Amino acid sequence: MRRRLNFVALAVTTMIALAFLVPLANLVDQLAEDRALAQAERDAQLVAQFVAATGSLTPAESAFASVTFDGTLAGRAVSLILPDGRTFGAPTKPDENIDAALGGSTLRITAEGGQAVLVPSVGASGEVAVVRVFVTEDELNRGVTRSWLLLGLLSLTLVTIGVAVTDRLARSIVAPVEEL
């Protein structure tokens, strides 16, 4: 009887742990992706603001080059795409649709090997350029595996504690029944 109670406790605590673990694992994945994309968007906005602010003094490509290092910023590939299609910084795929960004919308698009953030930069003359920051899959998933492992260990610990407590309670219930 004690063994049966322990088995029931194991089954119930495992189901409860899984009911919490699966959504939490999904949430961790989404939070890591959102964190990386938000940082990339902030970087793109910084570059776009700098290019727009200095655009009346220097050409956009010169302003862009002074803020980035060989087409990178904070370890991410950064590009400046002018309305005529010229690209400065990191190379981009010609099939990426940047028309919405040229229209003034900030976009997050899926690109090969990760995601790209497109931020418009409107200069003093009204010309719109697009700053593109690329975020790799590795950066989108940074810390997820470690978090999943910690969640798994925590769940395993809670299930073990639940079974141990149930065993103590089962012993106190079964002992009087056996004496009877």
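Predicted model: local features only at pLDDT ≥ 70, side-chain atom pairs only at ≥ 80, totals over all residues.

I began with contacts (heavy atoms within 4.5 Å). In the protein chain, 55% of those with a separation of 6 or more join residues 24 or more positions apart.

Residues are numbered from 1 along each chain as its sequence is written, and side-chain values use heavy atoms, with hydrogens and water left out.

Next I checked the fold. I found five helices and six strands, taken as DSSP runs numbered from the N terminus (helices H or I, at least four residues; strands E, at least two). Along the sequence they read α-α-β-β-β-α-β-β-β-α-α.

Then I looked for nonpolar cores: buried Ala, Val, Leu, Ile, Met, Phe, Trp, Tyr and Cys residues joined through side-chain atoms within 4.5 Å. Buried means under 20% relative accessible area (1.4 Å probe, protein chains only). The largest core has 21 residues, and Val-51, Leu-80 and Val-131 have the most contacts inside it. Its largest share, seven residues, comes from α1.

I followed Leu-80 further. Leaving out residues up to four places away in sequence, its partners include Val-51, Phe-64, Phe-88 and Val-131. A second, separate core has nine residues, among them Ile-81 and Leu-118.

Last, I looked up burial for the chain: 35% of its 180 residues count as buried. The C-alpha atoms fill a box of roughly 95 × 25 × 25 Å along the principal axes.

Conventions: Buried < 20%, exposed > 50% of the residue type's maximum accessible area, 1.4 Å probe, protein only.
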